[in-house]
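Here's a quick tour of a predicted model. Have a look at the structure first, then read on.

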Amino acid sequence: MLLVEFEDRIDPSVNARAIALADAISGIGVVGVRDVVPTFRSVAVHYDPLRTDRDALVASIRREAMASSGAAVIGRDPIRVPVCYDEDFGPDIASVAAFGGLDTADVVRLHAGRGYRVYMLGFVPGFAYMGVVDERIAAPRRPTPRVRVPAGSVGIAGSQTGIYPMETPGGWQLIGRTPIRLFDASRPDPFLLRAGDAVEFYSIDRAEYDRLSTSH
């Protein structure tokens, strides 16, 4: 694996460079490159050393990195994600409210009241790390992770928010749940969200959640 690192900060412009470089490396189709993964501020290039000329790959990456040095943060149309913020779905919403000296309605308003950038995917397929959360609800991770977090759960961990695409263990503060599938291997494109996407959450009630659940 080769790792390209940019400035050590979470910033849309830095992230845009990482995504642009990852797209460029994927686009040139170097033999033996298995996967190209952008993160907040870096790009991991996984390759087969038996099939890939490492020196030529490094030269290509350097060339593409220079070309992407001026990558702009391109505004994409936001993907709107419905969330039911009922306490049944958001068992930590009261704790998040207490963190900021707020009530649960404030948590819903603040979480759904701004747009988020998908900085990277990781942890499990389709898990999108998004930011930046309003500092009043930027509660830290739980001291003890849950063994099972239901698919669709919407969580907060510090300045980030995310959605669990499948049932997994997890330590984020759960504030709601979406009926939308973030990852579905049966779809032509299994991933709903990709790095660089814009996301907006909007609140729905339990009846709407149940209706949408049956249609997806």
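Zooming in on one pairing, E1 and strand E3 (residues 42–47) are joined in the antiparallel sense over four bridges. Val 4 has Val 43 in E3 as its bridge partner.

## E5 and its two partners

How much of E5 is buried? Five of its seven residues are, so the strand is largely enclosed by the rest of the structure. E5 pairs with E12 in the antiparallel sense over three bridges, and Tyr 116 stands opposite Val 199 in E12.

E5 also runs antiparallel to strand E6 (residues 128–131), with four bridges joining the two. Here Val 118 has Met 130 in E6 as its bridge partner. The hairpin of E5 and E6 has six residues between the strands, and in it Phe 123 takes a positive phi near 75°.

Which residues of helix H4 (residues 104–111) are buried? They are Asp 106, Val 107, Val 108, Leu 110 and His 111. As a reminder, residues three or four places apart on an α-helix point the same way, because there are 3.6 residues a turn.

The buried residues of H4 pack against quite a list: H3, strand E5 (115–121), strand E8 (153–157), strand E9 (160–163), strand E11 (173–177) and strand E12 (198–204). At the start of H4, Asp 103 has a side-chain oxygen that reaches to within 3.2 Å of the backbone nitrogen of Ala 105.

## A buried glycine in a loop

Gly 90 lies in the loop between strand E4 (79–84) and helix H3 (93–99). Is this glycine buried or exposed? Gly 90 has a relative accessible area of 0%, so it counts as buried.

Leaving aside residues up to four places away in sequence, Gly 90 touches Leu 174, Ile 175 and Gly 176. As for Pro 140, it is 50 residues from Gly 90 in sequence and 15 Å from it in space, C-alpha to C-alpha.

Technical notes: Residues numbered from 1 in each chain as written. Predicted model: local features only at pLDDT ≥ 70, side-chain atom pairs only at ≥ 80, totals over all residues. Heavy atoms only, no water. Buried < 20%, exposed > 50% of the residue type's maximum accessible area, 1.4 Å probe, protein only. Contact = heavy atoms within 4.5 Å. Polar contact = N/O pair within 3.5 Å; in protein donor to acceptor, adjacent residues only side chain to side chain. Pairing = 2+ DSSP bridges.
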